[in-house]
Amino acid sequence: MTDNARDLPDGLHDFLDRAGWGNAAIEVIPGDASSRRYFRVRRANGEGAMLMHAPPPHEDPEPFLKVASWLHDNALRAPAIYASEAAKGWVLLEDFGEDRRRDWIDKHPEGE
């Protein structure tokens with residue numbers, strides 16, 4: 001894991017501190033074709049989470065948060081939201097691991 005300050009957006013450490021994850025190790029995850037950035041964070045006890053940074057004005061995590069809440073409220077699987085500051089683009093959420101959905105389905109077709 002890396003915590004190279006020049007690779008991290010401003011405010012990341014402050015958000016993690018406020019969320020109770022201030023001492024977590026941070027790993028930069030390759031992004032997608034948007035302005036969003038993703039990070040895997042891991043506490044010393046092995047507990048992990050995913051950090052999404054969807055910086056305004058180019059991104060808005062509020063729709064993601066609303067969908068995740070709706071799915072959860074309707075007994076459907078969605079990542080748990082541990083902390084968020086949507087106005088600043090930060091969302092700390094449950095990490096489902098490194099497996100891509102397509103790879104998992106290919107290995108477990110009965111689960112599709």
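Q: Leaving aside its neighbours within four places in sequence, with which residues is E59 in contact?
A: This is a predicted model, in which local features need pLDDT of at least 70, side-chain atom pairs count only at pLDDT 80 or more, and totals for chains, interfaces and linings use all residues. Residues are numbered from 1 along each chain as its sequence is written, and side-chain values use heavy atoms, with hydrogens and water left out. Contact means heavy atoms within 4.5 Å. Beyond its neighbours within four places, E59 is in contact with S34, S35, R36 and A54.

Q: Is E59 buried or exposed?
A: Buried means under 20% relative accessible area, exposed over 50%, and partly exposed in between, with a 1.4 Å probe and protein chains only. The relative accessibility of E59 is 16%, so E59 counts as buried.

Q: With which side chain does the side chain of E59 make a polar contact?
A: A polar contact is a pair of N or O atoms within 3.5 Å; within protein, one must be able to donate a hydrogen and the other to accept it, and residues adjacent in sequence count only if both atoms are side-chain atoms. The side chain of E59 reaches the backbone nitrogen of S35 at 3.2 Å. Its polar contact with a side chain, at 3.2 Å, is with R36.

Q: Which residues does L16 touch, not counting residues up to four places away in sequence?
A: Neighbours up to four places away are not counted here. The residues that L16 touches are W21, G22, I26, V41, L51 and L92.
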